[in-house]
Amino acid sequence: MAEVRKALLWAVAATVSAGCATEPPPPLAPAPLEIPAIPVAPPEVHGEVHVAYLSPPPGEPMVDELLASPVLRDPTFDRAVEEWLDYWQDAAASWFPDFVRRMGAFEQTVDSALAARRLPPSLRYLPLIESGYSPSARSHAAAVGLWQLMPGTARELGIEVGPFVDERRNPYRATDAALDFLEELHGRFGSWFLALAAYNGGPNRTRRILRRHAPLAEPSDSVFWSLRRHWPRETRAFVPKLIAAILVAQEPVRYGFPPLPMDPPLRFDEVTVPDATTFDVLAASAQVEENEIRMLNPELYRGFTPPGREVVVRVPSGRGALFRQRYALVSPEERMTSVEHSVSPGETLSHIALRYGVSLDDLREANPDVRPRYIRPGDILVVPLVPVGDGS
């Protein structure tokens, strides 16, 4: 099985530049891994938004340094990959197809950003193991989004993490920030294994381990693998988990899955919204379903745009002009059809309804899952500012 898997890895790692010749394998040794042939679409226009899916910059054919690592030939690494292959085929088999399906919506964006930076194309699979390509994914450690950025790291990268907007959920902003971070880590540590260890376990921990256990060694993938026991279990398993996911995603039928369909790339127009506006008003202005607005704008996790500032909102492709016409007819007083209320100690539904001047029945209908006798301080309730069902 290991030999078959190695052969698959060699096959997965083809050259990015179509038609580029590969080197013959050295005697009695596996052929070196080369780059996966990852298609990069030409520039497109969808709706009013021009999205450039960049081709790799001109120059020498790029080598995927991650898949070319000599550590991939190490028998201990091979055994670690074997364990994660079992995981994807067994424990994770029920949700792995959804991971691959969701990848389709964002793969062109990720591939383009990787190509523009000349980063390993195999990093397109990193969000697969981090978040299952879900912009709204959240870990127990409070990492959020496709790339599972922690709040402090995100802010250092210029990503907004606030009470109304969390750009870690924005797949486009988060992709640029995460790849900037990965590029910086690789420049700092000189090894993709070490860069990924720093991405997962923190750069300070990586630096401390190297200083303590290999102060004179040249940083390399092999150094990480020889020192892996000093990292937390999740970090030392990170690269084998990624390689196993690449194998399964590239050859799902070989690993017991049916052919895995992928979502089409997202297409949208961008519009500017001047102040706080709830999603139902945005959806009515674009004449689309509210869930379409929510899906295209996961960073607006409160269900409305932030107050007191302009923000860019994505609407389904072809709806931008209509949105502008219809939204201009909405008065400022009609932009918010509901607000969120954090329950204070001692408050009841009746107190909250009286405070906002809404009926108790409307408040209950807006919060169907809330049991009045069991609300607690800190619970978030939706308070309708117009009668439920009447619209805005």
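The lining of the largest pocket in this predicted model divides by class into 20 nonpolar, 11 polar and seven charged residues, where Ala, Val, Leu, Ile, Met, Phe, Trp, Tyr, Cys and Pro count as nonpolar, Asp, Glu, Lys and Arg as charged, and the others, Gly among them, as polar. Local features need pLDDT of at least 70 and side-chain atom pairs count only at pLDDT 80 or more, while totals for chains, interfaces and linings use all residues. Residues are numbered from 1 along each chain as its sequence is written, and side-chain values use heavy atoms, with hydrogens and water left out.

**Largest pocket**

- The largest pocket is lined by 38 residues, and E130, Q148, Y199, N200 and E234 are those that lie nearest its centre; a pocket is an open set of points on a 1 Å grid over the protein atoms alone, where a 1.4 Å probe fits, with protein on both sides within 12 Å along at least five of seven lines, and lining residues have an atom within 4 Å of a point.
- Elements giving two or more residues to this lining include α2 (75-89), α4 (126-131), α6 (171-189), α7 (192-201) and α11 (238-250).
- Its volume is about 890 Å³, a volume being the space filled by probe spheres set on the points, with grid points joined across faces, edges and corners.

**Confidence**

- The chain has a mean pLDDT (the predictor's confidence in each residue, from 0 to 100) of 85, with 83% of its residues at 70 or more.
- Over residues 14-56 the pLDDT is below 50, and this stretch has 95 contacts (heavy atoms within 4.5 Å) in the model beyond near neighbours in sequence.
- Residues 388-392 also stay under 50 in pLDDT, and for them the model has six contacts beyond four places in sequence.

**Fold and burial**

- The secondary structure comes to 16 helices and six strands, taken as DSSP runs (helices H or I, at least four residues; strands E, at least two) and numbered from the N terminus.
- Of the 392 residues in the chain, 48% are buried, meaning under 20% relative accessible area with a 1.4 Å probe and protein chains only.
- In helix α14 (residues 320-327) the buried residues are G320, F323 and Y327.
- These residues lie on the same side of α14 because they cover an arc of only 60 degrees around the axis, the arc being that of the directions from the helix axis to the C-beta atoms.
- Their cover includes β3 (268-273), α12 (279-286) and β4 (311-316).

- Y133, in the loop between α4 and α5, has a positive phi of about 55 degrees although it is not a glycine, and Y133 counts as buried at 0% relative accessibility.
- A142, found in the loop between α4 and α5, is not a glycine and has a positive phi of about 75 degrees.

Notes
Buried < 20%, exposed > 50% of the residue type's maximum accessible area, 1.4 Å probe, protein only.
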